[in-house]
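Morning, everyone. I have one model to go through, so please look at the screen.

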Amino acid sequence: MNENFDRAPGAGRTRNYPTDPGLLGSAGDGDTKTTLFNQREPLRQPRTSPPFNENNISPSYDMAGNVCRRQNKPQQSANANSPYASRGYNDVDSLVKSSKLSANAPEFVPTGLNQYEDFSSYDDCESDYSEATLASVVRDFLAHLSSSPGSFESDVEYITGILNSWVTTEELLQELVELIYTESTAIPNFAYTGARLCNYLSHHLLVSPPSGNFRQLLLKRCRIEFEQRDVAVRGDPESQKKFHSFVLFLGELYLHLEIKSKNGPPNRANILLDALKDLMKSLLSNPLDANLICAVKLLKLTGSILDDAWKESGKPHMEDLIKRIENILLDATCNRDVRQMLLKLVELRSSDWGRVRAAAASNATPDNDPNYFMNEPTFYTEDGTPFTAADPEYAEKYQEIMDRQDYFHDVCGDNENEEYDFEDEMDPEIEEAFENFCLESERKRQQ
């Protein structure tokens, strides 16, 4: 056996590690062999190793052929992990000591960013953005009221104060009227809140130029749309939709716009009363489905108020409108759903618009009061048939229900303080399920 045989694991494997990466091949074979056996490399790589730098590997020269070649990567890796790579550590230390990095260095600017860009333009943009206009302020207010109509009472005073600081000239007042009118007829379901806002501003807006105050300018703007009614009801669907929004907004204005009187409570604008009558005639004279639906909505909204106002003045305008609707039901070929809406409207008017009059108990009877049974409860028979006090067999059916339930005797017994024993009447299957439920609940509670 060879005398130089070493039984240590990994021994005898030729590494050919040079003592200096820059002087590969300068050492003889004997020296290399002695060095490898005397100082063995660990079997596993260390947990940390110095960074590998290709610049540390210099070209080596074949002593015989004088040819330049580079070491392969496995040899570089082994050289970096060998104990003789201490020179690499020294190089790292020297790099750290000679580094010019400083905590006081100027800030880093990414490549591609213009360092000489004029950032003053951003300040100009911000100043332009901060310069709000009356239109943007009004639209923000109206959008807020549209999304939160319940905050009208708490926010309208603040909104009016802001508008008083903005609207100080006739031109700005006209712009404000146009903005509110446009948004009130464009935002879905905003006609009610828009009419309330118009009424509040008509009493609390301070500016009042010679051309008219807020209420007068608003009515002038509505008159422009009103005069185009005969064209709008025959126009394209988009024009009709815009006109129908105006009609409903005008109905809300009639209900909410108040004109103060010197003596007594405020009055409604009578000029709107006549305008609504003419609008109804224009809608019914062109019995298209969209026009008829708008007419039904308007009468459901304002029918009772219009009927009372015309009755007080002795004008049969409501009767004329109802006759027109009945003629449409007989002659016009409208949609089935629209026809049903018109029938319900006629029925609603015949019941005094669903209002319950406070009649004396001695005078109110099912014969003279159509709403006599309106507030009576609805009962159901055993097979699910509903019946009310208006049913001729009401007393018999009601007594049948009471006898079947045997309500008072079963709950209170002969003595009202007697407790009802549910356990005696419980079905065995239900009782078993109830016990299982109690056990399961107790087990979950203890977990």
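Buried here means under 20% relative accessible area, exposed means over 50%, and partly exposed is in between, with a 1.4 Å probe and protein chains only. This is a predicted model, where local features need pLDDT of at least 70, side-chain atom pairs count only at pLDDT 80 or more, and totals for chains, interfaces and linings use all residues. Residues are numbered from 1 along each chain as its sequence is written, and side-chain values use heavy atoms, leaving out hydrogens and water.

Take Glu 183 to begin with. Is Glu 183 buried or exposed? Its relative accessibility is 17%, so Glu 183 counts as buried. Glu 183 sits in helix 7, residues 170-186; helices are DSSP runs of H or I, at least four residues, and strands are runs of E, at least two, numbered from the N terminus. Setting aside residues up to four places away in sequence, Glu 183 touches Arg 139, Leu 142 and Phe 190, contact being heavy atoms within 4.5 Å.

Now the whole chain. The protein chain has 18 helices and six strands, and 29% of its 447 residues are buried. Of the contacts between residues at least 6 apart in sequence, 61% join residues at least 24 apart.
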